[in-house]
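Student: Could we go through this fold together? I would like to begin with the sheet and then turn to the helices.

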Amino acid sequence: MMQRCIELGEGYADVYELFSLARNMPGRVHKFIVLHSIKQDKPVASFVLILKPTSPGDFQPIYLCREGIHSTINGQPTKRYSMFQDVASSYGLSLVELEVKGSDQFAELALYYQYLIGIFRLQHLLPPLA
């Protein structure tokens, strides 16, 4: 099986594309994840949608909006965070929230994605490679 991170972007508008992917492929939705990290001394969040593997092909995409979103402002959930939570709830899933290193701590973005995939496997959010 091939598992790959596909970045949609860092901007606020990219989150709506993530929502659209979930809504247009309801049978493939697997997990909704919020990654909390520090980037340039500021708390940021990444929204992640993991889909079930394709059949045939055994390709499992991990769509993410990387570190461009705040999950809270003044201790209150942001609108986008609440919307992401609502989309997850509509599938009967809860958000998985993890603290991770920021992508700026890696020499290459590919290494950051390998790090995330490793964490997802360790947390049993992704199936092991077969």
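Predicted model: local features only at pLDDT ≥ 70, side-chain atom pairs only at ≥ 80, totals over all residues.

Student: What is the strand order in the open sheet?

Tutor: The order is β1-β4-β3-β2-β7, which makes 5 strands with mixed pairing. From one strand to the next, the twist averages 25 degrees.

Student: Which strands stand at the edges?

Tutor: Those are β1, residues 2-9, and β7, residues 96-99. Each has a single partner strand, so one side of each lacks a neighbour in the sheet.

Student: In what sense do β2 and β7 pair, parallel or antiparallel?

Tutor: Strand β2, residues 29-39, pairs with β7 in the parallel sense, over 4 bridges. Within this part of the sheet, V34 stands opposite E97 of β7.

Student: Turning to the helices, which strands does α2 lie across?

Tutor: Helix α2, residues 79-90, lies across β2, β3 (42-51) and β7. Its direction is at about 155 degrees to β2.

Student: And how do the axes of α1 and α2 cross?

Tutor: The axes of α1, residues 14-24, and α2 cross at roughly 5 degrees and come within 11 Å. Angles under 35 degrees count as roughly parallel, and α1 and α2 are therefore roughly parallel to each other.

Student: Which residues make that contact?

Tutor: Helix α1 contributes V15, Y16, L18, F19, A22 and R23, while α2 contributes R80, M83, F84 and V87.

Technical notes. Residues numbered from 1 in each chain as written. Heavy atoms only, no water. Pairing = 2+ DSSP bridges. Helix = DSSP H or I, 4+ residues; strand = E, 2+ residues; numbered from the N terminus. Axes fitted to C-alpha atoms, helices over the stretch in contact; angles between N-to-C directions. Contact = heavy atoms within 4.5 Å. Parallel < 35°, antiparallel > 145°, perpendicular 65-115°, else oblique.
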